[in-house]
Amino acid sequence: MSQNLRQMALCEMVHGQEADLFVVMTAKEELTTREGKPYYRVAFRDAGREVSFPVWDNSPWAAECRESWTPGVFYKVRAAYRDTPYGAQLDIRKIRPAVESDAADGFDPNMLLPHSRHDPAAMLDELLRIVHDQITDDGLRTLTESILLHNRDQLLISPAARHHHHAFIGGLLEHVLSVTRTAVFLADHYRQQYPDLKPPLDRSLVVAGAVLHDIGKLRELALETAEPVYTPAGELIGHLLLGRDIVREAAQAVHLAPETLLRLEHVIVAHQRLAEWGSPKPPMTPEAMLVHYADDLDAKFNMIYTILRDDANPGPLTSSKNVLRQKVFRGSEN
């Protein structure tokens, strides 16, 4: 397919340009016009741009679109890029599913998916520095470091969720690092605010709990297609208990006080607080409470950010058709 045309990224193309490109199909919706004529609205994307356009019933691609084009599948496409009054579109010349041998032409599934704005390796290095510098309990520090290092490769690419927040390559690290920074701040603030708390707020436990609160997502989610999917263990058990399993397994090789391990497990299983969110127990220690609110704030703020970035509703308020199911005020000047 690529013998005579330049290989390009979709996000680099300009009006009128024709090229070979790798994309992932993100949507295929069967619709009808006002006159009752059937058509499909499809969408393809790479890491930097998504293009949505109709495939009309009289198109030469109509039958293939209907019968075989599948959202979540990666494709190699030869197409012309068009800017139209209805938005960007692709005039497809050739299309087929991408195969492993396409790697010779630059095909890398991870490069076609949304990524964190931050370098995953740098985020992991910072997280490890926080663990080393801020966890004074030797057992907790060793346990937390060992889990991060053992799962390094997966952590560098894992998303934090399928859809709701940080649902992109490196999203789990971005979320966990942000939660940990906030948790360190909160632990210092409340240790100073309540010096007579008995027992004293365990700062090391707050930090370790923040770092490990979502570690179970490494077993809950898998990057098998263009978007994360739940593993069987993710569907049947969930990341809270899977995270506790990871901690328990790693703790067998570490000298850790039994109650410290129990409190760390509680931070993990209680961090979502509500039964309808998956927690078997609400936060029942000060450390678990701080991690819960640091986690919830970071997830909700990412949702707000994404709504304001992506919502196309005109006017000062966004649509309420979003993950928060509410309008967000962007201001009259925007």
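Me: Contact means heavy atoms within 4.5 Å. By that test, which residues of α5 meet which residues of α11?

Reply: This is a predicted model; local features need pLDDT of at least 70, side-chain atom pairs count only at pLDDT 80 or more, and totals for chains, interfaces and linings use all residues. Residues are numbered from 1 along each chain as its sequence is written, and side-chain values use heavy atoms, with hydrogens and water left out. From α5 come H175, S178, V179, T182, A183, L186, A187 and Y190. From α11 come L290, A294, D295, D298 and A299. The contact divides into eight nonpolar, three polar and two charged residues. Nonpolar here is Ala, Val, Leu, Ile, Met, Phe, Trp, Tyr, Cys and Pro; charged is Asp, Glu, Lys and Arg; the others, Gly among them, are polar.

Me: Why is α5 called oblique to α11?

Reply: The axes cross at roughly 135 degrees and come within 9 Å. Axes are lines fitted to C-alpha atoms, for helices over the stretch in contact; angles run from 0 to 180 degrees between N-to-C directions. Under 35 degrees is roughly parallel, over 145 roughly antiparallel, 65 to 115 roughly perpendicular, and the rest oblique. The angle falls in the rest, so α5 is oblique to α11.

Me: How do you know that α10 and α11 are roughly parallel?

Reply: They pack at about 30 degrees, with axes 9 Å apart. That angle is under the parallel limit, therefore the pair is roughly parallel. In this packing, R263, H266 and V267 of α10 meet E287, A288 and V291 of α11. The contact holds three nonpolar, one polar and two charged residues.

Me: Which hand does each crossing have?

Reply: α10 passes α11 in a right-handed crossing. α5 also passes α11 in a right-handed crossing.

Me: Why is A299 called buried?

Reply: Buried means under 20% relative accessible area, exposed over 50%, and partly exposed in between (1.4 Å probe, protein chains only). A299 is at 8%, so A299 is buried. Its place is in helix α11. Leaving aside neighbours within four places in sequence, A299 is in contact with H165 and H175.

Me: Are D133 and R325 buried or exposed?

Reply: D133, in helix α2, has 53% relative accessibility, so D133 is exposed. R325, in the segment after α11, has 75% and is exposed too. Across the whole chain of 334 residues, 45% count as buried.

Me: What makes phi of R325 stand out?

Reply: Most residues other than glycine have a negative phi, and most peptide bonds are trans. Phi of R325 is near 55 degrees, a positive value in a residue other than glycine. A cis peptide bond joins K198 and P199, with omega about -5 degrees. P199 is in the loop between α5 and α6.

Me: How do you know that the span of α9 is close to the expected one?

Reply: The expected span is 1.5 Å times one less than the number of residues. Helix α9 has 13 residues and reaches 18 Å from its first C-alpha to its last, close to the 18 Å expected. Its buried residues are H239, L240, L242, G243, I246, V247, A250 and A251. Their cover includes α3 (138-150), α6 (203-212), α7 (217-220), α8 (232-236) and α10 (258-270).

Me: Which residues of α3 are buried, and what do they pack against?

Reply: G139, L140, R141, L143, T144, I147 and L148 are buried in α3. They pack against α2, α4 (152-155), α6, α9 and α10.

Conventions
Helices (H or I, at least four residues) and strands (E, at least two) are DSSP runs, numbered from the N terminus. A crossing is left-handed if the near helix is turned anticlockwise from the far one by less than a right angle, and right-handed if clockwise.
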